[in-house]
Each structure stands twice: as structure tokens, then as C-alpha cells.
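This report covers the ligand site and the pocket around it.

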Amino acid sequence: MESPNYDYVFKLLIIGDSGVGKSCLLMRYVENEFSEFHLATIGIDFKVKMIELDDQKIKLQIWDSAGQERFKTITKTYFRGAMGIILAYDCTSRESFANVTNWAAQFEHCTNPHTVKVLISNKNDCENKEVSKEEGLKLARDMDIGFFETSAKTGENVEDVFEHLAKEIRDKEVYKHINESGINLNTSFASQKKKCC
Ligand code: GTP
């Protein structure tokens with residue numbers, strides 16, 4: 001049998017309110033394109049990108065979830081399989097920033113404890129900001145996760161976010177704790193599994 005031409009497969013998930021730019025971030029990262037239109041994601045979608053980190057080939061499977069409330073049940077089922085989660089808000093929308101805590105509360109209960117998370121403030125190219133960098137940084141610090149200001153429009157920091165997650169997942173060996181179906185391979189987390197949605 002032919003061996004796969006990569007060393008690891010990492011599953012990532014992008015979550016956040018509808019319209020914060022999740023699909024655009026993914027499109028920028030994978031296809032280096034940007035669209036001004038908001039075509040709301042229906043349920044969930046994914047794209048694949050191959051990257052190299054220190055001569056290791058990594059296949060990133062990136063899930064783009066719908067931000068609309070009506071799809072939340074579907075989205076939640078993908079939390080457990082995620083090795084990395086990008087929690088996005090739109091810096092021109094205070095409401096999307098306020099909702100970060102709701103999204104975080106969901107992954108608190110639904111993700112594997114090893115999952116690496118990062119907070120991003122998207123649309124950093126815009127002038128009409130409602131949320132400052134300091135507020136974003138403070139929230140990320142309180143949640144004990146990384147923080148990036150991004151723009152899917154200009155591409156600012158987009159590659160850095162994905163590279164940061166891939167490095168953390170590899171270096172912390174997160175992939176050893178989460179298998180294909182998202183079930184924790186470490187039996188000591190059996191009680192954690194029951195709490196999951
Ligand atoms: P749902 O699929 O409904 O959850 O939305 P989403 O978060 O995937 O939003 P989407 O990527 O479709 O972007 C929503 C709108 O914001 C679109 O009109 C995009 O053009 C715009 N947008 C996304 N990212 C940026 C950005 O970095 N800068 C600017 N100026 N606009 C952006």
C-alpha cells in the first residue's frame with residue numbers, strides 16, 4: 001500500500017459570529033483570494049492545505065463553521081475532533097466581540113482539553129473599529145490563549161495564525177490525544193467525554 005505523502009493531519013475549526021469573516025479567512029489562506037460578498041455558510045464546509053514545518057509535511061484540514069444560531073447544533077458536533085480552534089470576532093462589531101465569551105463557553109464543554117485555541121480580531125484593515133487591540137489582547141490573556149489581529153482582505157497575519165496553531169499542535173503533541181472521530185485516546189479523560197455534547 002502506498003504511504004501518505006505527509007507526516008501529520010491536523011484538524012482545525014474556525015468559529016465566531018456570522019459575518020466576522022471566517023470563510024474569507026479560509027479563502028485567503030488556502031486560495032489567496034478575497035470576496036466582498038457575504039455568502040453565509042450553510043452548516044459546515046472544509047478546505048485542505050498542505051504546509052511544511054521544519055521539513056515535516058502537514059496536511060491541514062480546516063473546517064469553516066456557520067456563525068448563524070440555527071446551525072449551532074451541527075457546528076458543535078465538530079468541536080471534539082478539532083485539534084486547533086480559531087475563535088474569530090470582527091473588530092468593527094462590538095457585538096461579535098461580546099459573543100466571544102458565549103463561543104468560548106461552548107468549547108469549554110465540547111472540546112478536548114488538549115485542543116489549542118487562538119483568538120483573532122479580523123477586519124483589521126477597517127477604519128471604523130469598535131474594539132481596540134488592547135481589549136482583544138486582554139480577553140486572550142484572560143482566556144490564556146494566543147491573539148492575532150488579521151485581515152482576510154489584505155492577508156495581514158493570516159498565514160501566521162495557521163502556522164502558530166500547526167506548530168503548537170505538533171510541539172504539544174495534541175494529535176496524540178485526539179483521533180479521527182475526536183474521541184480522546186487518553187482513558188483518563190473518560191469522564192470528560194460524558195460531559196461533551
Ligand atoms: P457566516 O458564514 O455567516 O458564519 O459568515 P463568515 O464569518 O464566514 O463571514 P464571511 O467570510 O462570509 O464575510 C462576511 C463579510 O465580511 C463579507 O462581506 C466579507 O467581504 C467581509 N470581510 C471578511 N473579512 C474581511 C476583512 O478582513 N476585511 C474587510 N474589510 N472585510 C472582510
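An oxygen atom of the ligand is 3.0 Å from a polar backbone atom of G19. S18 has a side-chain N or O atom 2.6 Å from a ligand oxygen, and a polar side-chain atom of K123 lies 3.0 Å from an oxygen atom of the ligand. A polar contact here is a pair of N or O atoms within 3.5 Å. Of the 650 Å² of accessible area that the ligand has on its own, the protein covers 93% (Shrake-Rupley method, 1.4 Å probe).

The model is predicted: local features need pLDDT of at least 70, side-chain atom pairs count only at pLDDT 80 or more, and totals for chains, interfaces and linings use all residues. Residues are numbered from 1 along each chain as its sequence is written, and side-chain values use heavy atoms, without hydrogens and water.

## Shell around the ligand

The ligand is surrounded by 24 residues, the closest being S18, K22, S35, E36 and D125 (a heavy atom within 4 Å). Eight of the shell residues are nonpolar, ten polar and six charged, with Gly counted as polar. Helix α1 (residues 22–31) supplies the largest share, three residues.

## The largest pocket

The largest pocket holds about 620 Å³ of space. Among its 31 lining residues, G21, S23, C24, F37 and H38 are the closest to its centre. Two or more lining residues come from each of α1, β2 (44–53) and β3 (56–65), and α1 gives the most, with five. The lining divides into twelve nonpolar, eleven polar and eight charged residues.

Note on methods:
Polar contact = N/O pair within 3.5 Å; in protein donor to acceptor, adjacent residues only side chain to side chain. Helix = DSSP H or I, 4+ residues; strand = E, 2+ residues; numbered from the N terminus. 1 Å grid on protein atoms, 1.4 Å probe; cavity = no way out; pocket = protein on both sides within 12 Å on 5 of 7 lines; lining within 4 Å. Points joined across faces, edges and corners; volume = space filled by probe spheres on them.
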